[in-house]
Amino acid sequence: MCTLATLNGQYLFNGSGTLFPPAFGLTSPATGTSAGFHIFNGDGTGTDFVTFSLNGIDQHVPSPVAITYTLNPDCTGTYSVPSASLNFDIFVAVDGSALTLIQTDPGASDSQGPQPRVGLSRRAE
């Protein structure tokens, strides 16, 4: 059974996908790629450190970026980057050791995973 605390620590990610208008203000399809890591705080909040490019051009994403997430008892949930209006469905290993995700925004075709946990949170409990 999962709770918000199941996601706790640093998780590496990378991915690529095709983006279609109107995603990111595009007027024609583009290839998007990303790499970085999530830090989940175990309480529904966290931060992302990310590099993102469109058709090979770095988009200079400021890091860190605030994230939010929900997690249901069956280990499914949502993950969002509110400042960029990005939304994903997530699927989490019951022990929190990894997750996968798929973007749910119109015009985006991106899935990533598995994303392994590579470190535990350093937050004071």
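The model is a predicted one, in which local features need pLDDT of at least 70, side-chain atom pairs count only at pLDDT 80 or more, and totals for chains, interfaces and linings use all residues. Residues are numbered from 1 along each chain as its sequence is written, and side-chain values use heavy atoms, leaving out hydrogens and water.

A search of the whole structure gives five aromatic pairs, a pair being rings of Phe, Tyr or Trp (its six-membered ring) with centres within 6.5 Å, called stacked when the planes are under 30 degrees apart, edge-to-face when over 60 and tilted for the rest. In one of them, phenylalanine 37 and phenylalanine 49 have ring centres 4.9 Å apart and planes at 25°, so this pair is stacked. Since phenylalanine 37 belongs to strand β2 and phenylalanine 49 to strand β3, the pair ties together parts twelve residues apart in sequence; strands here are DSSP runs (E, at least two residues) numbered from the N terminus. Phenylalanine 37 is partly exposed at 23% relative accessible area, and phenylalanine 49 is partly exposed at 29%. The rings of tyrosine 79 and phenylalanine 88, with centres 5.1 Å apart and planes at 40°, form a tilted pair. Ring pairs also link Tyr79 and Phe88 with Tyr11, Phe40 and Tyr69 in a cluster.

Beyond its neighbours within four places in sequence, asparagine 87 is in contact (heavy atoms within 4.5 Å) with Tyr79, Ser80, Ile102, Gln103, Thr104 and Asp105. The C-alpha atoms of asparagine 87 and threonine 68, 19 residues apart along the chain, lie 9.8 Å from each other.

The largest pocket has 28 lining residues, with Phe24, Ser34, Val50, Phe52 and Leu86 nearest its centre. Elements giving two or more residues to this lining include β2 (30-41), β3 (45-54) and β7, while β1 gives the most, with five residues.

How values were computed:
On a 1 Å grid over the protein atoms alone, a cavity is a set of points where a 1.4 Å probe fits but cannot get out, and a pocket is an open set with protein on both sides within 12 Å along at least five of seven lines; lining residues have an atom within 4 Å of a point. Helices (H or I, at least four residues) and strands (E, at least two) are DSSP runs, numbered from the N terminus. Buried means under 20% relative accessible area, exposed over 50%, partly exposed in between (1.4 Å probe, protein chains only).
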